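Me: Could you go through this structure with me step by step, as I am new to reading such models?

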Amino acid sequence: MGMKRILFLAEGATMAHFVRPLALAEACAGLPYEVHFYAPARFSPYLKGKKFTPGELAAMPGEQFLENVAKGRPMYPREVLRQYVLDDRALIQRLRPDLVVGDMRLTLPIAARLEGVPAAVMMNAYWSPWAVKRCIVPELPLTRVIPPRILGPLYRAAEPLGYRMHTGQMNQVRLEFGLPPLAPDLRRMYTEGDHVLYADIPEFVPTPGAPSTHRHIGICEWTSPSAKPEWWDRMAADPKPKVWVTLGSSGPLRVMPALLRALSRLPVAVILSTSGRDVPAVTPGAFVAPLLPFTETAAVANVVVSHGGSGGLYPAMLAGTPVLGIPSNADQHLSTATLAANGAGLGVRVEEANEQKLHNALEKLLFEPQYKQEAQRWGSIFAKYDSGAMFRQFLSDVL
């Protein structure tokens, strides 16, 4: 028998959906598998020199995905989903993999089933139907006018309709390809697959009662090959507490003026990652770079400020550093709520992120020791899980 072939599909919605499968693909190095990794062209600089075969995956621009989410529209229009199915089927027919692994490639279960190939989908465990269900109003045009706490009861009543809208596009496409519809539940759509790989650990996000085809595989840690800037040693030697602001490629830049004003009132050194974006009103004296090595920077920081998504929270906690999340979309809200519930950080909604609220939250995280203690405790638990080893065990089990 020849080597088993694994195909990874990394959707282009956000950076997290690229780096998680990339971490797993890299964990296959040295194993008797033929690995193919397909991702949107904008990620190609990160795929040079890898020990697998890269390829370009056609995908809707991430900016369009984020705009759809922000405006309360379906994440992917039906015509995009239909084309995804056709593209995925063509790729599977050409490569004939023994297993396809996808992160946020929601059409993969359709294409894989039609082609008779098992599919493993990656998702955060807080989206699992077996996790604690949190109903949080995401940022919507209406929440900028009416406080979310007032909209809460109305949103809880309307949430099933919202789920039905998002799953409706997918179900229409499933019917077109002769597959039965899914339950009108976003969590079911996110976890549709022969196997579900939760990019989490079971202590942090338990999923009691989940089927055996669902498993936690750790946080899929991956560090960008970013060089330390020339100011690194000066920053590390600065005796003041350090706050690292890293909103990534999708965080809300409109909060930066209020955030920087709040930081200017605190006795801290500010580290800022811009991700190549035009950040307004940068504080004089701040340590600024486009990208920084995440784990090392989080380790020297006293607090990390992020958009609240798991891609920014988990590496910070692995370093034992508490996080201030400023979430906007539903995924970031769920991630930040899980963080706060586990005591390792706080969240301030983007619509409510004024200078005083941000100052109060930062002051707590910097000077009330329980947040640091909980972040360190969780960091020691996270460190026990080796995503690469867990994924290799999964491959051994299923292949």
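Me: Which residue of β3 does Y38 stand opposite?
Reply: This is a predicted model, and that should be kept in mind throughout. Strand β2 covers residues 33-39 and runs parallel to β3, to which four bridges join it. Y38 is the residue to look at in this pairing, and the residue of β3 that it stands opposite is G55.

Me: Which strands are the edge strands of the open sheet?
Reply: The sheet is open and has seven strands with parallel pairing, in the order β3-β2-β1-β4-β5-β6-β7. An edge strand pairs on one side only, and this holds for residues 53-56 and for residues 214-216, which are β3 and β7.

Me: At about what angle does helix α4 run to β5?
Reply: Helix α3, residues 78-95, lies across β1, β2 and β4, and it runs at about 160 degrees to β1. Helix α4, residues 108-115, lies across β1, β4 and β5, and its angle to β5 is about 170 degrees.

Me: Why can the protein chain be called as compact as a globular protein of its length?
Reply: The chain holds 14 helices and 13 strands. For 399 residues the globule rule gives 21 Å, and the chain is as compact as a globular protein of that length because its radius of gyration is close to this value, at 21 Å.

Me: What percentage of the 399 residues is buried?
Reply: A residue counts as buried here if its relative accessible area is under 20%. By this cut-off, the share of buried residues in the protein chain is 55%.

Note on methods
Residues numbered from 1 in each chain as written. Predicted model: local features only at pLDDT ≥ 70, side-chain atom pairs only at ≥ 80, totals over all residues. Heavy atoms only, no water. Pairing = 2+ DSSP bridges. Helix = DSSP H or I, 4+ residues; strand = E, 2+ residues; numbered from the N terminus. Contact = heavy atoms within 4.5 Å. Axes fitted to C-alpha atoms, helices over the stretch in contact; angles between N-to-C directions. Rg over C-alpha atoms; globule rule 2.2 N^0.38 Å. Buried < 20%, exposed > 50% of the residue type's maximum accessible area, 1.4 Å probe, protein only.
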